[in-house]
Every structure is written in C-alpha cells, then in structure tokens.
Amino acid sequence: MKLQSGYRGIFALTVLVFFSGAALSYGIPFKKRQTTFYVTTLAGTGVKGHENGSPDRASFNWPTGVAVARDGTVYVADFSNNAIRKIDPGGNVTTFAGSGRQGHKDGKGIDALFHGPDNMAIDPEGNLFVADADNFRIRKVTPDGTVTTVAGNGSLGYRDGLAHVAMFGYPTGIAVDIEGNLYVADRRTHTVRKITTEGMVMTIAGNGLAGYADGKGKASHLREPISVSVKSDGTVYVADSGNNVIREIAPDGTITTLAGSKRPGYKDGTGRDARFNWPTGIAVDPSGNIYVCDSNNNKIRRITPLGVVSTIAGGTLPGSANGPGWRASFKFPTGIWLDGKGNIYVADSGNNMIRKITRQSSLEAHLRD
C-alpha cells in the first residue's frame, strides 16, 4: 500500500531525526562521518605470558610487530618472549619460530633463537623479515619456519657494506619493496638503511648523528626512527619517533617532513600543524594513506597523501575497550599492518593484545555498539 505524500514526508522526517539523534548521541557528526572504524580484540588475554591456544586463552609479552599473509594468517613479533607467533584464520595462536629463550641461532621453528624481535615485513612469497633488534641483525623466516640471518654481524655499530659484515645499532623497523629490497629503521644510529637484493647495506637517510633536518640522503638528520613502510612507487615513509614527525623519502633520496611539528603533543591538522607523541608503527595503503601508531597518545592516526592528519581510533585515556573507534582504547600501540581488504591490525603492546580495526558505516557501528 502506498503512503500518501503527507505521510511520506512525516515518515522521512522521523527517520532523519532518529538517525541524526543517534549520530549525535554517539558522537558522530551525521554528515561528516558516513564511515567509521570498529575495534575488536583478535587475540590475547591482556596478561603477560607465552601461552598458545584460542584467542581468549593465548597470551603475549609486549608484542611489537604484526604482518598478515595472503591467506589471512597473522604473524606477531612477540618482543619480550623472543618469538614469532602465528594466529591462524580460525584465531588459534601457536609459536611459529623462536623458543622463548633469548639468543641468536638460525634453525627451524622453535629451534631458532631471537633476542627482541621488533617489527616484521612479508614478501609476496610469504617470507617474513624480522628486525631482530637486540641481536643487531635482520632475520628471514620462510613459510615452513626456517630462520636464517640476512644482514648484520651481531655487533652493535654503524657500518655499511656487504650484508654479513654490516653493522646495525638497534634495528627496529623493516619494510620490503616490490623488488625485494629491504628498508630498515636503525634506531640508535638515527638512520634508515637499505639492503639490496644483492646483499649490500647502504644508508639512504640520516648520517649517524641525531637531529632534525630535511635534505637528501646523508645530508638529512633523524632522531630515533622506529618504523618504516614503503609504497609501490618506492617512496619510503618513516616514523621519526624522537622528532615526533612522519618523514617521507622520495625515490630520488630527498627527505621531507610530511606531518608533525617536532614538539610532542596531540592535534589533528595538516602537515606541520598536526602533532604526535612518539609515533612508532607505520603502514601505507595502495592509495597512499598512511596509518600510524601514535604510541604515547594511545591512538591510531591516519595521514592522507596531502598530509591531512586525523584520528581513527583511541580515546583520551589508555585502556583496552573495544567498539567504535572514538570509544575504543589502546595502551601504547607500536605495530600496525594493513591487509588486502583494508583491515588494520595493531600490536597493542601495553595491553599484550593484537587488535583488529575494520571499516563500517556509522549506522552499522551504532547498531553494533
């Protein structure tokens, strides 16, 4: 039965008022926030431990890195457990590599040893690359769990050259480009290093001295860079943590500041008008949007290709609440990854959890919450 025109108008107005009211009561600007983000816990009890099993029983100890394979398997760099953990598509957690004891040993599965595995990258063949920070090495883990050393001689230092003699000063971040080259955020030498497919280590940003300056190659200065991510065109993005900024390294080697004002704080905005407080994990999507773990602010931030910074998840206070992004909470998140479907995975270090952020309409979020 068709409604008369007058009743149709009243019905439409009632629906609009209802959803507008819901949007206001849930903090959603009705016209501005048509899509939102929803946070859930993928795995972890919140208590430090090294227990495998179902998502609500498994435990981690300061997880710092996440990487997602094409089949949906989630790998976790479990820093203080000195292990690489695996979350299968069904949510079950197992130990993939590393025995839990600190050390350096190549081998297969739990026969291998790590010391402070921090961040990871994964190539199209499913090989994991791990920034093994306290071993001052870069490690590779094949899909069958075989661990080998890619670069670094095990001594703390700063030396470019052949991979097996090169030295790192606490490598914490790693990314891999479409050609198989690796990029490493070397925190204590204040540099970004590149490991070519031929096995050569070279410095592409910074010069070993802490500071803040844009420029080209070694003419630039960084301060404790913790993570890197690389776009398909070869552009490298750096979480320059000690400077509280996000830097961009163009394919020609020119380093510029994309967002952040150096002074710590919290502010959405454009370019240097925005503020971060110890940004760590960083990931870039195919459209050039960058997602950042703003660790001391306990938030996840997004930066558009034009440098516009917004907050997608995380409240004012630290916590472990799930729900719509503006209601959810984190506690010092440090690792982040985007899968092929646009889902965001976060190593929520302070909560000893792995969190997942999905996109949905504001109405879906309202109904779900």
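How many of the 6 residues of strand S27 (residues 333-338) are buried? In this predicted model, local features need pLDDT of at least 70 and side-chain atom pairs count only at pLDDT 80 or more, whereas totals for chains, interfaces and linings use all residues. Residues are numbered from 1 along each chain as its sequence is written, and side-chain values use heavy atoms, with hydrogens and water left out.

In S27, 6 of the 6 residues are buried, so the strand is largely enclosed by the rest of the structure; buried denotes under 20% relative accessible area (1.4 Å probe, protein chains only). Strand S28 (residues 344-348) pairs with S27 in the antiparallel sense through 5 bridges, pairing being assigned if DSSP finds at least two bridges between two strands. Within this pair, Gly335 lies opposite Ala347 of S28. The hairpin of S27 and S28 has 5 residues between the strands, and Gly342 adopts a positive phi near 90° there.

The chain contains 2 helices and 29 strands, taken as DSSP runs (helices H or I, at least four residues; strands E, at least two) and numbered from the N terminus. An open sheet of 5 strands has the order S6-S10-S9-S8-S7, with antiparallel pairing. Its edge strands, S6 (107-108) and S7 (117-122), each pair on one side only. S7 is joined to the antiparallel strand S8 (residues 128-132) by 4 bridges, and Phe129 in S8 is the bridge partner of Ala121.

Of the 369 residues of the chain, 54% count as buried. Contacts are defined by heavy atoms within 4.5 Å; among those between residues at least 6 apart in sequence, 45% join residues at least 24 apart.

Definitions and conventions. Buried < 20%, exposed > 50% of the residue type's maximum accessible area, 1.4 Å probe, protein only.
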